[in-house]
Amino acid sequence: MAKVLYERDGRIARITLTRPEVMNAIDDELPGALADAVARADNDPGAHVIVLAGAGRAFCAGYDLTAYASGDKANRYTQEMPWDPMKDYAAMSDNTNKFMSLFRSKRPVICKVHGFAVAGGSDIALCSDMIVMAEDARIGYPPVRVWGCPTTAMWVYRLGAEKAKRMLFTGDKITGVEAAALGLVLKAVPADKLDDEVDALAHRIATVPQNQLMMQKLMMNQALYNMGLMGTQMIATVFDGITRHSPEGLNFKRRSEEMGWKRAVDERDQGTFDWTTNQPITQNR
């Protein structure tokens with residue numbers, strides 16, 4: 001089964017992540033399949049707007065930790081030591097570039113978030129032009145606590161420095177309601193209204209000529225490029241590799257191998273484990 005599906009519904013191109021059995025977790029193939037679907041929409045003369053969604057219980061739960069964290073061997077995201085930072089950067093920047101196909105697309109992109117858009121899943125969502133979330137959905141980048149840095153770096157460009165720091169110093173997952181209040185997403189609506197809300201917006205945008213939409217998007221994106229987006233992404237992607245090969249990152253990887261990634265992630269998110277000393281935290285106040 002294809003990991004990303006493309007279909008056109010009138011003037012709306014619909015791109016859907018389709019690994020529902022793992023909450024659309026990112027594997028080696030999904031970023032390329034996503035970029036291919038975006039390219040298809042860009043070259044579809046009938047498409048005016050893209051709606052990006054995830055099948056099943058969530059939009060995207062991030063990278064597939066069963067494969068990349070729990071596996072008891074080195075892989076493309078954890079090299080044998082000593083590691084090569086530029087080899088890691090080449091691989092991760094390729095993923096970042098494929099996620100950013102949404103940002104660069106000739107078509108406006110609306111991301112529809114239900115369930116979760118976390119870690120790498122939030123990277124994908126935040127590359128879209130607009131995000132509409134279910135009120136009870138969750139978004140965040142928990143790997144900032146250990147083993148990650150958001151390579152697309154879109155948090156600061158959407159939120160400004162202070163609010164982005166609030167999210168990336170904690171790794172908290174926030175609801176759609178909170179995300180809308182912070183200005184991270186366009187709006188949050190009740191889960192049973194999400195499809196209708198996104199479709200209404202998409203149909204409204206679809207009545208605008210393609211060239212008008214493209215010019216407005218290019219103009220607004222240029223403002224973000226002028227603010228240093230590409231340089232920030234380069235630093236973030238290099239730092240992401242460092243987080244996975246730091247002493248703390250390697251301790252997280254070993255903990256995931258020994259205890260399973262769900263246990264390691266729970267300890268990470270709850271703040272009950274000291275990744276530097278590699279032992280549980282007994283006192284945090």
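Two strands count as paired here if DSSP finds at least two bridges between them. Keep that rule at hand for this tour of a predicted model.

**Stop 1: β4 and its partners.** Select strand β4, residues 109-113. By the bridge rule, β4 pairs with strand β6 (residues 130-134): 4 bridges join them, and the two run parallel. Zoom in on K112, which stands opposite V132 in β6.

Show the side chains of β4. In a regular strand, side chains alternate between the two faces of the sheet. V109, C111 and V113 point one way, while I110 and K112 point the other.

Stop 2: Select residues 4-9 for β1 and 12-17 for β2. These strands run antiparallel, joined by 6 bridges. Y6 stands opposite I15 in β2. The hairpin leaves 2 residues between the strands. Pick G10 in the turn: its phi is positive, about 65°.

**Stop 3: the largest nonpolar core.** This core holds 71 residues. Which of them touch the most other members? Select L34, L52, F59 and I124. Helix α1 (residues 30-42) gives the core its largest share, 5 residues. In soluble globular proteins, nonpolar side chains tend to be buried together.

Centre on L34. Leaving aside neighbours within four places in sequence, L34 is in contact with V4, I15, L17, L52, F99, L102 and I124.

**Stop 4: the open sheet.** Select β5, β7 and β8. These 3 strands form an open sheet in the order β5-β7-β8, with mixed pairing. β5 (116-118) and β8 (173-175) are the edge strands; each has a single partner, so one side of each lacks a neighbour in the sheet. From one strand to the next, the twist averages 20°. Between β5 and β7 (residues 138-140), count 3 bridges; the two run parallel. A117 stands opposite I139 in β7.

**Stop 5: the aromatic cluster.** Finish with W147, F252, F273 and W275, which form one aromatic cluster. Are F273 and W275 buried or exposed? Both are buried. With ring centres within 6.5 Å as the cut-off, the count comes to 7 aromatic pairs. F273 and W275 make one that is tilted, with 4.4 Å centre to centre and 45° between the planes.

Conventions:
Residues numbered from 1 in each chain as written. Predicted model: local features only at pLDDT ≥ 70, side-chain atom pairs only at ≥ 80, totals over all residues. Heavy atoms only, no water. Phe/Tyr/Trp six-rings, centres within 6.5 Å; stacked < 30°, edge-to-face > 60°. Buried < 20%, exposed > 50% of the residue type's maximum accessible area, 1.4 Å probe, protein only. Core = buried A, V, L, I, M, F, W, Y, C linked by side-chain atoms within 4.5 Å. Contact = heavy atoms within 4.5 Å. Axes fitted to C-alpha atoms, helices over the stretch in contact; angles between N-to-C directions.
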